[in-house]
Amino acid sequence: MKISSELKDFQHRIGHEFADPTLLTEAVTHASMSSPTRGDNQRLEFLGDRVLGLAMAQALLEADTDAAEGKLAPRFNALVRKETCADVAREIDLGAVLRLGRSEMLSGGRRKEALLGDAMEAVIAAVYLDAGFDVAQAMIIRLWGKRINDVDADARDAKTAMQEWAQAKGLQPPRYVEVHREGPDHAPVFTIAAKLTNGASAQATAKSKRQAEQAAAAALLAQMEKTK
């Protein structure tokens, strides 16, 4: 099977030339582009998530031979979460080769974080099926790069850390309130406020609600720890 010049260039970006190019084509085909005769990447996404998890767990064990499970788990979560997969996808310009239906094209699908993260997992699965675990793992380590060694020793997400802080102080978990939303539907920007029952609050703005909530939680935690 011949593939487009765009997919050939993409193979160079990920460092793997497919023996079975149909796997790559399936990996970059979104459900909005599927048909009875053309599959999409949802099943590959399911498999890729597991391949990524195994590769990253092994990498973390090798990177820190003394770390306890309690330290490894949050690092692992930080490296395999959808946002991280989407960041890697942007670095290799995965969005440029995605096969999308018209509705997704018009709504800015090539830039959507969830869609990019899912497609990154699908590409991992495609490499795994094409060449085996060792090759897929090597690609993951190469693409994730310094993220693996630079991941915070305590990589709990900010919302979890903020909730644990509040509980330790006898407070209810913070509420997250959408204060403002602007921009077009395909590229919204959210401002979220994190609020505690003691009246303390902090705001943050980001391109997704989850990112804005995390940033607001981090700002509120830093504020409370500074005033404790």
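This is a short tour of one protein model, from its overall layout down to a few residues.

Hello everyone, and a word on the ground rules before we look around. What you see is a predicted model, in which local features need pLDDT of at least 70 and side-chain atom pairs count only at pLDDT 80 or more, while totals for chains, interfaces and linings use all residues. Residues are numbered from 1 along each chain as its sequence is written, and side-chain values use heavy atoms, with hydrogens and water left out.

Let's begin with the whole protein. Its secondary structure comes to 11 helices and 3 strands; these are DSSP runs numbered from the N terminus, with helices being H or I of at least four residues and strands E of at least two. Along the sequence the order is α-α-α-α-α-α-α-α-α-α-β-β-β-α. The C-alpha atoms fill a box of roughly 65 × 45 × 25 Å, taken along the principal axes.

How much of the protein is buried? Of the 228 residues, 43% count as buried. Here buried means under 20% relative accessible area, exposed means over 50%, and partly exposed is in between, using a 1.4 Å probe and protein chains only. As for contacts, meaning heavy atoms within 4.5 Å, take those with a separation of 6 or more: 56% of them join residues 24 or more positions apart.

Now please find helix α5, which covers residues 82-91. Its buried residues are Glu83, Thr84, Cys85, Ala86, Val88 and Ala89. What lies over them? The cover includes α3 (42-63), α4 (69-80), α7 (113-131), α8 (133-144), α9 (147-150) and α11 (209-227).

Thr84 counts as buried because its relative accessible area is 11%. Leaving aside residues up to four places away in sequence, Thr84 touches Ala78, Leu79, Trp144 and Arg147.

Step off the end of α5 and you reach Asp93, in the loop between α5 and α6 (102-106). For background, most residues other than glycine have a negative phi. Asp93 is described as partly exposed because its relative accessible area is 41%.

Another partly exposed residue is Asp9, with a relative accessible area of 43%. Asp9 belongs to helix α1, residues 5-14. Asp9 and Val97 are 88 residues apart in sequence, yet their C-alpha atoms are 9.6 Å apart in space.

From His30 to Asn41 the separation is 11 residues in sequence and 6.0 Å in space, C-alpha to C-alpha.

Finally, a look at rings. Lys159 lies over the face of Tyr176, at 4.7 Å from the ring centre. A charge sits over a ring if NZ of Lys or CZ of Arg is within 6 Å of the ring centre and within 35 degrees of the ring normal.
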